[in-house]
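Hi,

Here is the structure I promised to pass on.

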Amino acid sequence: MLTSDITTVYSENKQISSSMENNRNCLRRIARHDETEFSNQSIMNAMEKFVKAVNDMDETILVPCRLMDLKVGDDGDTVVEIPTSGSGSNGKRSKSNLRDMASTDLYNLYTMVNSVKNELLWGQNITPENDDESQKASSVSSVTSISSSTVKGHVRRPSTVSMTSTNSAASISDSESDSGNENDSGIEAEENNRQESNHSLQVAENFRRHLHGLHHSLRQMTDAAVYLTTRYQNDVGGAV
């Protein structure tokens with residue numbers, strides 16, 4: 001009995017260790033830009049292409065200060081198209097991105113893509129003070145809305161006549177309210193279900209919108225890193 005328990009615990013720990021190792025290997029593959037099993041449309045594939053392009057840029061640009069005082073599309077720029085792995089729409093996209101980067105400082109562009117790569121791999125440094133400030137702002141806005149509604153409302157003391165008429169009306173409507181409560185509870189349940197469904201749809205819609213934006217941003221920054229590599233090789237590297 002003891003031997004079987006030890007064997008079970010050992011197998012469970014082995015599975016947990018294997019899962020953790022797989023997660024580490026996934027992160028290592030992204031950092032080392034090795035081949036993966038992701039599809040071409042996957043966001044992980046776009047992340048790997050971006051990381052690989054930035055790593056190639058860092059290996060090529062050995063003296064980043066040589067990029068200072070240079071701009072995209074200046075007189076010394078000989079790059080007319082950003083090299084891409086594909087053709088057709090990729091070529092049109094690279095030319096469009098090259099036009100969007102016109103007059104951008106090369107050193108600032110180099111610093112930006114490196115900073116984004118580090119944030120992508122290691123996360124952002126969000127201080128607790130920023131979270132506290134956002135919470136304080138939300139609490140202040142809620143207090144302001146409550147106070148404004150209190151100021152707008154008029155507090156009136158009911159008279160004796162109005163209290164008597166109210167009590168008589170309440171006693172008459174008690175029987176009617178009892179039957180109406182059941183209908184109200186059913187309506188409230190339907191509204192709650194509808195709100196939960198709308199919330200789920202809203203979350204999914206927000207995710208797809210942000211995912212599309214992330215794809216677009218990663219493509220732009222990948223093209224920026226490839227451009228910097230090519231520009232350094234053509235202009236700066238040839239003068240060394």
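Start with helix α2 (residues 43–60) and helix α4 (residues 106–122): their axes come within 10 Å and cross at roughly 130°. Helices here are DSSP runs of H or I with at least four residues, strands are E runs of at least two, and both are numbered from the N terminus. The axes are lines fitted to C-alpha atoms, for helices over the stretch in contact, and angles run from 0 to 180 degrees between N-to-C directions. That angle makes α2 oblique to α4 (under 35 degrees counts as roughly parallel, over 145 as roughly antiparallel, 65 to 115 as roughly perpendicular, and the rest as oblique). The crossing of α2 and α4 is also left-handed, meaning that the near helix is turned anticlockwise from the far one by less than a right angle (clockwise would be right-handed).

Who makes the contact (heavy atoms within 4.5 Å)? On the α2 side you'll find Met-47, Phe-50, Val-51, Val-54, Asn-55, Met-57 and Asp-58, and on the α4 side Tyr-110, Val-113, Asn-114, Val-116, Lys-117, Leu-120 and Leu-121. Sorted by type, the residues of this contact come out as 10 nonpolar, 2 polar and 2 charged (nonpolar is Ala, Val, Leu, Ile, Met, Phe, Trp, Tyr, Cys and Pro; charged is Asp, Glu, Lys and Arg; the others, Gly among them, are polar).

Before you read on, a word on the model: it is predicted, so local features need pLDDT of at least 70 and side-chain atom pairs count only at pLDDT 80 or more, while totals for chains, interfaces and linings use all residues. Residues are numbered from 1 along each chain as its sequence is written, and side-chain values use heavy atoms, with hydrogens and water left out.

Leaving aside neighbours within four places in sequence, Thr-222 is in contact with Lys-49, Phe-50 and Ala-53. Thr-222 is buried, at 14% relative accessible area (buried is under 20%, exposed over 50%, partly exposed in between, with a 1.4 Å probe and protein chains only).

Not counting residues up to four places away, Pro-83 touches Val-226 and Thr-230. Pro-83 is partly exposed, with a relative accessible area of 44%.

Most residues other than glycine have a negative phi. Asp-69, however, has a positive phi of about 65°, and Ser-103 has one near 70°. Asp-69 is in the loop between α2 and α3 and counts as exposed at 76% relative accessibility. Ser-103 lies in the loop between α3 and α4, and it is exposed too, at 55%.

As for the whole chain, there are 6 helices and 0 strands. Buried residues make up 19% of its 240 residues. Of the contacts between residues at least 6 apart in sequence, 78% join residues at least 24 apart.

Cheers

Conventions. Contact = heavy atoms within 4.5 Å.
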